[in-house]
Amino acid sequence: MTTIFSKIVQGEIPAEIVYQDEWVTAFRDIHPQAPVHILIVPNIEIPTVNDLTEEDVIVAGRLLWTAKLLAKQEGIAADGYRLMINCNRHGGQEVFHLHLHLLGGRPLGPMLAR
Ligand code: 5GP
């Protein structure tokens, strides 16, 4: 367990955790890009989408399932939101512990900066 997100999962460093179960942990992004900006991470370390194996299919599905639950909990389900996973350099990934961004609470504009 070495990534900063693993330390959050283990409670070794503080974060505003909004959800945790046996598969995933969700907490508010330290530099929110929208009124709601939550990171949903597997409890086990999977560095990138490229590293997923078939054994990880359940945990990968739990990321999406948790996003659905949290969108409702945060009151943004009806208006809508964006789910995003960055991978490696071109994707702009900064933390190499797989995470799903849940963003919402305002219109988010075009999908990519021009
Ligand atoms: P990436 O670019 O890897 O997809 O996104 C990493 C995200 O993690 C960024 O939005 C960044 O603000 C967030 N982040 C980085 N370090 C921490 C931290 O220690 N705590 C929390 N809550 N978020 C973090």
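**Exercise 1. Work out whether Arg-28 is buried, partly exposed or exposed, and find its charged partners.**

Step 1. Arg-28 has a relative accessible area of 27%, so it is partly exposed. Here buried means under 20% relative accessible area, exposed means over 50%, and partly exposed lies in between (1.4 Å probe, protein chains only). The model is a predicted one: local features need pLDDT of at least 70, side-chain atom pairs count only at pLDDT 80 or more, and totals for chains, interfaces and linings use all residues. Residues are numbered from 1 along each chain as its sequence is written, and side-chain values use heavy atoms, with hydrogens and water left out.

Step 2. Now look for partners. Side chains of opposite charge can pair when their charged atoms come close. A salt bridge is counted when a side-chain nitrogen of Lys or Arg is within 4 Å of a carboxyl oxygen of Asp or Glu. Glu-16 and Arg-28 form one, with their closest N and O atoms 3.1 Å apart. This pair links distant parts of the chain, 12 residues apart: Glu-16 is in the loop between helix H1 (4-9) and E1, while Arg-28 is in strand E2. (Helices, H or I with at least four residues, and strands, E with at least two, are DSSP runs numbered from the N terminus.)

Step 3. Arg-28 also meets Glu-74 in a salt bridge, 3.0 Å from N to O. Glu-74 lies in the loop between H2 and E4, so this pair ties together parts that are 46 residues apart in sequence.

Step 4. Glu-16 is partly exposed at 48% relative accessibility, and Glu-74 is partly exposed at 21%.

**Exercise 2. Find how many salt bridges the whole structure holds, and describe the one made by Arg-62.**

Step 1. A search of the whole structure gives three salt bridges.

Step 2. Arg-62 pairs with Asp-21, at 3.3 Å from N to O. Arg-62 belongs to helix H2 and Asp-21 to the loop between E1 and E2, so the pair ties together parts that are 41 residues apart in sequence.

Step 3. Check the cover: Asp-21 has a relative accessible area of 17%, so it is buried.

**Exercise 3. Give the strand order of the sheet and say which strands stand at its edges.**

Step 1. The five strands run in the order E1-E2-E3-E5-E4, forming an open sheet with antiparallel pairing. Two strands pair if DSSP finds at least two bridges between them.

Step 2. Strand E1 (17-20) and strand E4 (81-84) are at the edges; each has a single partner strand, so one side of each is left without a neighbour in the sheet.

Step 3. Follow two pairs. E1 and E2 run antiparallel and are joined by three bridges, with Ile-17 opposite Phe-27 in E2. A hairpin connects E1 to E2 through three residues. E3 and strand E5 (residues 100-104) also run antiparallel, joined by five bridges, and Ile-38 stands opposite Leu-102 in E5.
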